[in-house]
Each structure stands twice: as C-alpha cells, then as structure tokens.
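Reader: Hello! Could you walk me through how some of the helices and rings pack here?

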Amino acid sequence: MPELPEVETVRRGLLGLVIDKTVTAESHDTEKGFPNTPHDVQTFLVGATIRDVRRRAKVLMIDLSSGYSLVIHLKMTGQLVYVGETRFGAGHPSDSLVNALPDASTRVTLTFSDGTHLYFNDQRKFGWMRLLPTIEIPNIDFMQKVGPEPLSDEFTSKEFIQRIQRRKNTSIKAALLDQSVLAGVGNIYADESLWGAKIHPARRVYTLSKTELVLLYTELRAVMNLAIEKGGSSNHTYINAEGKKGSYMDFARAFRREGQPCPRCEATIEKLRVAGRGTHICPVCQVL
DNA sequence: CACTTGACCTGTCCGC
DNA sequence: TGCGGACAGGTCAAGT
C-alpha cells in the first residue's frame, strides 16, 4: 500500500479536485469495504458537499458538510481516483489507467453533481472506507493507537529515539514498521532510510548507538520528504488521485534494486527477509 | 508483557 | 501452456 508519502500525494491531488463538490449518488459492492447502512449513506453522504481532505498516518479523511467524514485506509492495493467529465483522449499516457474505470476492483463509486466520479478501487480488498461523524474520528481504535507524524515540526530526534527504544528487543526494521511507534513508515521507506543510515535492518534496537539513531531519524525524514516531492513510489498498483504514477522509485537506492550496484559503494544489493517482509540491503554498507 | 507468525484477498511472476 | 508456490508498498488476531 501506499505509505505516508503516497497517501499524502493522494490527499494533495484530491484537494485540488473534489473540494466543494457535492455527492449526488453512491454505490458500492456488498461484500466488503463499506459497511455503513443505506440509511446513513442517504442521510450523511448523499447531498453532502466535500469541505476538506485530511491525512493522519496512512489514513485519509474526506470531511463532508453533513458533519460526517469518509475515513479511508488504502492498505496494500487501494486507490482513490478522480475521473473528470472530460476524459483523456486515446493515446494519452493516463488513458488506460483512468478511462477504464470503474473496473473489477472498484469497491465504491461516488458521483458528484457535475457528473464527475471518485472511485475507490482495491484489488486485494484489504482496504476500507467508512462513514463516521467527523468528531468521532480521534476515538477510533486506529487513531488511539497510532504514533506521531514523523514529518511534523514538533517531532524531534529525541522523541524518535525514545519511542523507537520502546521496542528494544526487536529488529530496527520491525520497530520502524510498528505504527504505534511512529506513523506512516512502510516497507519501502524503512529499507530506504536504513540504507541511508547504513544500518542493517535486522540489528536489534538495543544495539544501536544514539548517533546511529539520530542519523536514521534524519534519513527517514529526508527520504519521506523526497518521496512526497516526487509524488510517491509506484509499482503496478499505486496511482494518485489523477491516475498518475509517482517517480520516487527512480530515486530508490536499495528498495527493489537487488542485483544492482549500491549507489554508494558499488557492492551488489541483496534481498533478504526481515520482520516477515522482503528487505533490501547493501551487504557492505549495512552489516550486522 | 514483548515479540513473531499467520490470516485476510487477488493477481502476477517464476520455475518445473 | 499449465500448474504450484512464493510473493506483493498493511494491519490485526492469535500464538509462543
């Protein structure tokens, strides 16, 4: 799924596309992804106008004039794609991505008063979308447990170290991926930041020096900020609100670069398994 | 309690 | 070409 930079990219895209649009219809598949009652949908979604699009951790919130919000987690393969009235012509780079919607992975369709649409697609059906009173969002389980935003101005290296060290006995990669430690880090940016800080992902947290952790903090924020600037990372499923791919993968230094040279020392990048996840390292820069 | 593993789904890719 | 298994950017519940 989209990690923090991808979700933030979707948020920024949606802001420019759906603010002030009024929902006139909604449809969704019955099996999964949108469990609200038809009554709630009719009362609090249909007829409401979109006022804001916010993000916390990897969760998006679309605030409505009804006092309710659509709360969305894209998990691994979720997409939120806006399709305007004027579709791209045949041959346009985005043509095949966007003109074909809705498709077999479309779970929810919103129709706006101007005839345009917002689609929630999710091939693997891990993602979810639900309609909640806006003021109740901070009370849901996810929001209660999730850690601080790593890119906020108030998030210091001191706080990073303090929170990471709550998981002293596990691997540093597992600690980075733990959403209750800090919000928004996933497999890509865990590998990229560990490469940047020259730390082996399987190192136990208690073995890391303060200097190493400060460097990791700096690398993590740099890598995520760069990824936002580049519009996120794209595999075959991630696209932004306009149906476009991000370009961070062109800048990736370890993630999915197994067999290619390390940009720092030319050693061959290797793939291994840490914390149950595919993990990419430079075996020379990052040693146990 | 801290930590690890399996499950949730569908599609794709790789080796036989 | 077909088939089986591993794997995919996340999070929970259940297990040790």
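Author: Helices (H or I, at least four residues) and strands (E, at least two) are DSSP runs numbered from the N terminus. This is a predicted model, where local features need pLDDT of at least 70, side-chain atom pairs count only at pLDDT 80 or more, and totals for chains, interfaces and linings use all residues. Residues are numbered from 1 along each chain as its sequence is written, chains are lettered from A and ligands numbered from 1 in the order in which they are written, and side-chain values use heavy atoms, leaving out hydrogens and water.

Reader: Which residues make the contact between α5 and α8?

Author: Contact means heavy atoms within 4.5 Å. From α8 come K210, L213, V214, L216, Y217 and L220, and from α5 come S157, F160, I161 and I164.

Reader: How many nonpolar residues does the contact of α5 with α8 have?

Author: Ala, Val, Leu, Ile, Met, Phe, Trp, Tyr, Cys and Pro count as nonpolar, Asp, Glu, Lys and Arg as charged, and the others, Gly among them, as polar. By these classes the contact of α5 with α8 has one charged and one polar residue, and its nonpolar residues number eight.

Reader: Are α5 and α8 roughly parallel or roughly perpendicular, and why?

Author: Axes are lines fitted to C-alpha atoms, for helices over the stretch in contact, and angles run from 0 to 180 degrees between N-to-C directions. Angles under 35 degrees count as roughly parallel, over 145 as roughly antiparallel, 65 to 115 as roughly perpendicular and the rest as oblique. Helix α5 (residues 157-164) and helix α8 (residues 210-229) have axes 9 Å apart and pack at about 110°. The two helices are therefore roughly perpendicular.

Reader: What kind of aromatic pair do F160 and Y217 form?

Author: Rings of Phe, Tyr and Trp (its six-membered ring) pair if their centres lie within 6.5 Å; planes under 30 degrees apart count as stacked, over 60 as edge-to-face and the rest as tilted. F160 in helix α5 and Y217 in helix α8 are 57 residues apart, so the pair links distant parts of the chain. Their centres are 5.8 Å apart with 50° between the planes, and the pair is tilted.

Reader: Are F160 and Y217 buried or exposed?

Author: Buried means under 20% relative accessible area, exposed over 50%, and partly exposed in between (1.4 Å probe, protein chains only). F160 and Y217 are both buried.

Reader: Why is the pair of Y189 and Y248 classed as it is?

Author: Y189 sits in helix α7 (residues 187-196) and Y248 in the loop between α8 and β9 (270-274), 59 residues apart. The ring centres are 5.4 Å apart and the planes lie at 65°, so the pair is edge-to-face.

Reader: Which helices do the buried residues of α5 pack against?

Author: The buried residues in α5 are F160, I161, R163 and I164. They pack against α6 (172-177) and α8.

Reader: Which residues of α8 does α1 meet?

Author: The axes of helix α1 (residues 4-18) and α8 come within 9 Å and cross at roughly 35°. This crossing is right-handed. L4, P5, E8, T9 and R12 of α1 meet, in α8, M224, A227 and I228.

Terms used:
A crossing is left-handed if the near helix is turned anticlockwise from the far one by less than a right angle, and right-handed if clockwise.
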